[in-house]
Amino acid sequence: MSAKNLEESSSENQNQRITWEGCSVLLDINDGDRVLFARLTTGSKIKIGNNSCSLQPLIGCPFGASFQVEVGGDGLILSRVIPSTQGNNLVEKMDSQLMEECRDNRAIVDNNTAQSLTGAHIDDMRRKGATGDEIVEALIANSATFEKKTAFSQEKYRIKSRKNMHPGYF
């Protein structure tokens, strides 16, 4: 195989991992709460809650990419979520495992007093244009028991809060 043919076939394989206009994709909304097939075109839309969002931002992105719904100038828009690579250090993982062995959830009592952020505060944040992630971080910061929970329980809380605060996360 010549160098030119090898280069063409490698770029062809790379393009197969990127979405294009007219391709069909499987959308996993809210970690499996809703799964649907869609054909990507510039005019295709998806209904999330009572609003619809254009699927145009998905064109040209890698398969498996994550998106979230955000408030834009023309209503709701999809924006790509880039996962962070923080916390991949081996020493940090070992330290967190040691801390995890010392913690458990037995002493945490659920009497609805741990969260100091009220529904009115959350509604006010939404009116001011706060994103779902900002609201989730505010919930975590205002929780008296979050730091006492195990890492599994913390992640479970994040996922649950993310689903509640912005239902268009997929």
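The structure is a predicted model, in which local features need pLDDT of at least 70 and side-chain atom pairs count only at pLDDT 80 or more, whereas totals for chains, interfaces and linings use all residues. Residues are numbered from 1 along each chain as its sequence is written, and side-chain values use heavy atoms, with hydrogens and water left out.

The protein chain holds five helices and six strands, taken as DSSP runs (H or I, at least four residues, for helices; E, at least two, for strands) numbered from the N terminus. Their order from the N terminus is α-β-β-β-β-β-β-α-α-α-α. Of the 170 residues, 26% are buried, that is, under 20% relative accessible area with a 1.4 Å probe, protein chains only.

Turning to the helix pair, the axes of H4 (residues 132-141) and H5 (residues 151-165) come within 9 Å and cross at roughly 135°; axes are lines fitted to C-alpha atoms over the stretch in contact, and angles run from 0 to 180 degrees between N-to-C directions.

Contact here means heavy atoms within 4.5 Å. H4 contributes Gly132, Asp133, Ile135, Val136, Glu137, Leu139 and Ile140, while H5 contributes Tyr157, Arg158, Ser161, Arg162 and Met165. Gly132, Ile135, Val136, Ala138, Leu139 and Ile140 are the buried residues of H4, and they pack against helix H3 (119-127) as well as H5.

How values were computed: Buried < 20%, exposed > 50% of the residue type's maximum accessible area, 1.4 Å probe, protein only.
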